[in-house]
Amino acid sequence: MSKVNIVIIGAGDIAVKRHIPALLKGEHTNLYGVLNRHPESTRAVADRLNIKAYESLDEVLFDENVDAVLIGTPPDRHAEPAIAALKHGKHVLLEKPMALSVKEAEKIDKVAKETGLKLELLHVQRFYPQHVKAKELLNEGVIGKLLTVRTVLGNSDPEVLDGKKYPGWQDALFNISVHRADLIRWLVGSEVKGVYAQVDRLLSDTIDGDISKTGQSRDLLCATL
């Protein structure tokens with residue numbers, strides 16, 4: 001099997017830490033090139049990895065050597081490059097969350113189905129060994145009938161929680177909880193019937209009037225699927 005030439009569109013922090021190392025180790029993947037929002041950033045990544053530096057999305061789309069793209073841009077910039085890549089015959093590996101709206105996500109999905117190309121989301125938690133084992137036990141009925149699933153995630157950065165450091169789509173509830181929503185759907189093997197959510201501030205500066213005793217404040221999301 002020949003290797004798949006992949007271009008990363010948006011080689012930010014997550015791409016540097018996770019995607020690039022994985023692609024370099026992949027038996028069937030060839031990290032072919034990179035396109036970042038800023039030319040100097042593109043060149044820096046390309047020079048370090050000895051791969052092609054693209055200057056525009058069109059250059060990627062019309063390059064017949066490119067088989068697929070990995071889109072790691074923020075979710076408000078997912079739809080345009082994903083749809084364009086599919087229309088130009090490129091498979092798409094898309095960072096989560098898929099988009100900022102159901103409408104955008106449906107547009108991407110529609111084009112993928114029309115072209116017959118592969119569209120995959122980076123919901124990697126399905127592949128964690130403990131989750132694979134849990135799925136196996138559930139399918140075999142070893143642990144009995146599933147009645148409820150509880151998942152807990154946290155973010156220890158108070159600037160994230162207070163919305164000071166990142167845009168809203170990058171907070172713990174939106175950016176991280178989508179992993180667990182997908183994981184639960186996969187484990188259970190059915191779609192969501194309804195959602196109940198409650199956000200509570202567990203620690204705040206009202207505790208003994210001194211936030212320094214806790215170091216930070218945290219939010220809790222309770223959701224029933």
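Predicted model: local features only at pLDDT ≥ 70, side-chain atom pairs only at ≥ 80, totals over all residues.
Let's start with a pair of residues: glycine 33 stands opposite lysine 52, which belongs to strand β3. Glycine 33 is found opposite β3 where strand β2, residues 29–35, runs parallel to β3 and is joined to it by two bridges.

Now step back to the whole sheet. Strands of a sheet pair through backbone hydrogen bonds, either parallel or antiparallel. Here six strands make an open sheet with parallel pairing, and their order is β3-β2-β1-β4-β5-β6. The edges are taken by β3 (52–53) and β6, each with a single partner strand, so one side of each is left without a neighbour in the sheet.

Further along that order, strand β4 (residues 68–71) pairs with β5 in the parallel sense, over four bridges. One spot to look for is isoleucine 71, whose bridge partner in β5 is leucine 94. Which residues of β5 are on its covered face, and which on its uncovered one? Val92 and Leu94 are on the covered face, while His91 and Leu93 are on the uncovered face.

Next, follow the chain to helix α5, residues 102–115. The buried residues of α5 are Ala105, Ile108, Val111 and Ala112. Seen down the axis of α5, these buried residues fall within an arc of 130°, so they line one face of the helix. What do the buried residues of α5 pack against? Their partners are α4 (79–87), β5 (91–94) and β6 (119–121). On the other side of α5 you will find exposed residues, namely Val102, Lys103, Glu106, Lys110, Lys113 and Glu114. After α5 comes glycine 116, with a positive phi near 75°.

Our last stop is tryptophan 186, which lies in helix α8 (residues 172–188). Tryptophan 186 is partly exposed, with a relative accessible area of 22%. Leaving aside neighbours within four places in sequence, tryptophan 186 is in contact with Arg126, His131, Val132 and Lys135. Tryptophan 186 and histidine 131 are 55 residues apart in sequence, yet their C-alpha atoms are 9.8 Å apart in space. As for lysine 135, its charged end sits over the ring of tryptophan 186, 5.5 Å from the ring's centre.

Notes:
Residues numbered from 1 in each chain as written. Heavy atoms only, no water. Buried < 20%, exposed > 50% of the residue type's maximum accessible area, 1.4 Å probe, protein only. Arc of directions from axis to C-beta. Contact = heavy atoms within 4.5 Å. Lys NZ or Arg CZ within 6 Å of the ring centre and 35° of its normal. Pairing = 2+ DSSP bridges.
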